[in-house]
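Biologist: Please show the structure, and let us then discuss how its parts meet.

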Amino acid sequence: MSKSMFTISPGFEEIMPAEYRELVEHGPFGKELGVSDLGTYKELLEEHPLCAGCGLALSLRLILASLPNPADTVIVGTTGCNSLAFPQVAVHNIHSLFGNQNAVASGLKRALKLRFPDKVKDVVVVAGDGATADIGLDMVMHSWFRRENITTIMLDNEAYANTGGQESGMSMEGTVLNMAPKGKKFPKISLPEIARETGCDYVAATTPANPKRLERMIRRAVLVARETGPTYVQIFCPCPTNYKFKPSEAKKRTRDREKDGSYRIREYITPQAQELINRIEGVKSDE
Amino acid sequence: MIEQRVVDPEYLFFSAEREKRFITGSEAVKEAIKRANIDMAVSYPITPQSESMHLVGDIYAEGYIPEYFRGENEFAVMSAVAGASMGGVRIFTATGGPGTLRAFETFPTWAGARLPIVCAFMTRGVNSPLTIQPDTIEMAFMLDTGIMMFHAENAQDLHDMILKAFMIAEKTDIHIPAGVFVDGFFVTHTRDYVDIAPEDIKLPPYNPYSAPVPVMDMENVPVRQMRDPFVMKSNFISYAAHASWQQEILAAAERARKYIDKYMGGLLEMENEGADILIIASGTAVSQSREAIAMARQEGIDAGLIKIKSIRPFPKNEIMEITRKAKAIIVPEFNRAGWLCREVKSTVADTTKVVGGPRVFGGMTMPPELILAEIRRCSE
């Protein structure tokens with residue numbers, strides 16, 4: 001996207017909404033910003049309608065702050081709590097149907113490659129655990145099999161939160177949730193391992209407890225998807241509303257799950273992706 | 001890529017010298033797509049559509065199409081097609097029968113998202129019991145999805161309607177999807193003479209910025225833009241926004257009438273429309289009706305034919321006018337639901353004149369004698 005396209009025509013500054021003006025004047029486009037710059041610039045997410053203490057809201061802010069090239073990024077979302085925030089996100093984003101996000105992203109990425117052969121256009125999927133691991137799993141996996149150049153990010157709150165807290169494939173075994181009145185009967189789906197085995201060049205599982213780590217993983221995932229092949233990042237996003245804890249405890253819960261090993265932080269990187277990461281991050285450390 | 005000259009749609013449709021070829025309906029799809037200047041196609045096999053999209057794959061390999069792939073199922077394919085269309089390219093796909101139903105959730109969203117996708121539907125029966133045979137039942141389900149629906153009688157129609165559908169669907173004041181329906185097997189798997197323009201010419205390219213909605217490419221404002229935003233808050237403004245958006249989709253289809261007139265010569269065609277007995281049909285039922293009318297004429301019975309080419313928008317006013325003086329209206333169909341008969345009945349002033357049938361389904365052919373029997377009955 002060129003800056004001139006985005007600039008407000010002279011004389012129209014006053015009638016544009018304040019948050020749009022702020023975006024033009026202090027937004028992240030064309031700047032090298034990251035999570036440590038949060039608070040110093042106008043974020044892509046204009047407030048949000050999610051619950052207090054929502055892990056998704058925090059993760060989404062961090063993801064958007066970590067995008068390496070927001071001016072040329074299109075996000076594909078789908079039904080879920082996080083989608084409620086997307087009308088307030090300042091990059092082009094698509095909500096199609098529940099679960100079809102990776103198929104939509106496949107078509108979109110190929111279309112943008114055709115139309116902008118000499119330009120980087122990152123396509124990033126952001127979806128919940130139900131959308132990614134349950135209803136959309138076939139399309140998620142087939143986009144990986146086909147080696148689509150897209151990044152898939154799962155916001156994992158371990159339930160269908162938007163519909164009132166039902167069990168998802170990503171819920172922990174034994175957890176009592178709606179539609180799992182006697183506790184979930186099977187283990188959490190190992191999607192990072194499935195991603196590794198189905199062709200993702202970069203896979204990471206993390207939490208928003210450590211923003212710099214999350215940022216590094218998102219950047220790696222987007223840059224590897226751009227150059228090499230499909231990538232997957234899974235982010236634990238605890239849900240105070242459905243798991244019934246105080247909003248202020250969200251971060252502690254995240255740390256506890258990391259500590260007790262029930263949410264394992266991990267990265268799987270193919271040699272090809274590692275080479276690219278070394279090149280990119282090596283250049284950076286030389287600066 | 002193979003070099004082709006871009007020509008005016010009118011030239012390609014009406015002026016270019018055409019060669020007569022003896023080809024199958026599936027091959028007619030290939031020949032249309034060769035000249036359609038599409039950017040991309042996505043395929044998935046289902047009988048009786050499979051050959052069409054594999055032939056489209058062949059012309060991708062030959063260099064007529066920049067991008068092509070096989071998806072994992074119809075819902076995924078129609079979703080990928082939506083993503084590509086939102087990314088601003090001209091795209092084609094095809095399916096039929098159970099594939100149509102598998103993908104069903106996507107069609108209203110194509111319309112709601114104002115995507116000018118052209119999809120061919122090679123119709124077939126729907127389970128259960130399992131059938132792969134000809135049947136137009138899926139069209140009954142598609143009637144209220146918001147997409148335009150054209151029904152081809154033969155391979156020539158199929159070829160022409162696909163090309164013309166792109167030009168109609170992509171107009172800024174329309175910009176909704178178009179389905180080109182054709183009776184599976186009867187047209188796809190049989191050979192017929194088709195007049196075809198030279199293969200070194202093609203339609204003008206799609207201009208994504210002519211769309212009435214923003215293209216998802218971060219190259220057009222506003223950047224704070226979601227496709228397609230929810231209007232699901234529990235308040236009247238949300239309800240009103242959703243309601244008016246839906247009305248606008250229907251209005252867009254209605255506005256397409258002028259382009260259907262221009263490119264397809266009207267939403268319907270008439271033969272001997274002054275007759276007391278009229279047959280209203282679409283698809284291959286038109287050909288069977290024409291045979292029946294010729295047989296009736298030999299017996300001294302006069303009957304006319306109305307061939308409906310556009311099911312959505314539906315030629316309501318035209319039918320109302322033409323049928324005003326008719327004594328009987330026969331509606332033969334290749335499905336058990338009788339959806340065309342319902343459409344006709346919802347249009348004509350006196351529904352008692354409408355004879356719903358003959359209807360064949362489950363793969364049966366429709367001998368003209370069946371229609372002739374109705375003509376005879378109506379003439380008594």
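Modeller: Two residues are in contact if their C-beta atoms, placed from the backbone, lie within 7 Å. This is a predicted model, in which local features need pLDDT of at least 70 and side-chain atom pairs count only at pLDDT 80 or more, whereas totals for chains, interfaces and linings use all residues. Residues are numbered from 1 along each chain as its sequence is written, and chains are lettered from A and ligands numbered from 1 in the order in which they are written.

Biologist: Which element gives the largest share of the side of chain A that touches chain B?

Modeller: The contact draws 34 residues from chain A and 35 residues from chain B. Elements here are DSSP runs numbered from the N terminus, with helices (H or I) of at least four residues and strands (E) of at least two. Among those giving two or more residues on the chain A side are helix H1 (3-6), strand E1 (73-77) and helix H4 (101-115). The largest share, 11 residues, comes from H4(A).

Biologist: In E11(B), what is the bridge partner of Ile94(A)?

Modeller: Strands pair if DSSP finds at least two bridges between them. E2(A) and strand E11 (residues 226-227) of chain B run parallel and are joined by two bridges. In E11(B), the partner of Ile94(A) is Arg227(B).

Biologist: Which element gives the most to the side of domain 1 of chain B that touches domain 2 of chain B?

Modeller: Chain B has domain 1 (5-209) and domain 2 (268-379), with bounds from an automatic or database domain assignment. In their contact, 21 residues of domain 1 of chain B meet 21 residues of domain 2 of chain B. Helix H7 (137-142) and strand E7 (148-152) of chain B each give two or more residues to the domain 1 side. The most, five residues, comes from E7(B).
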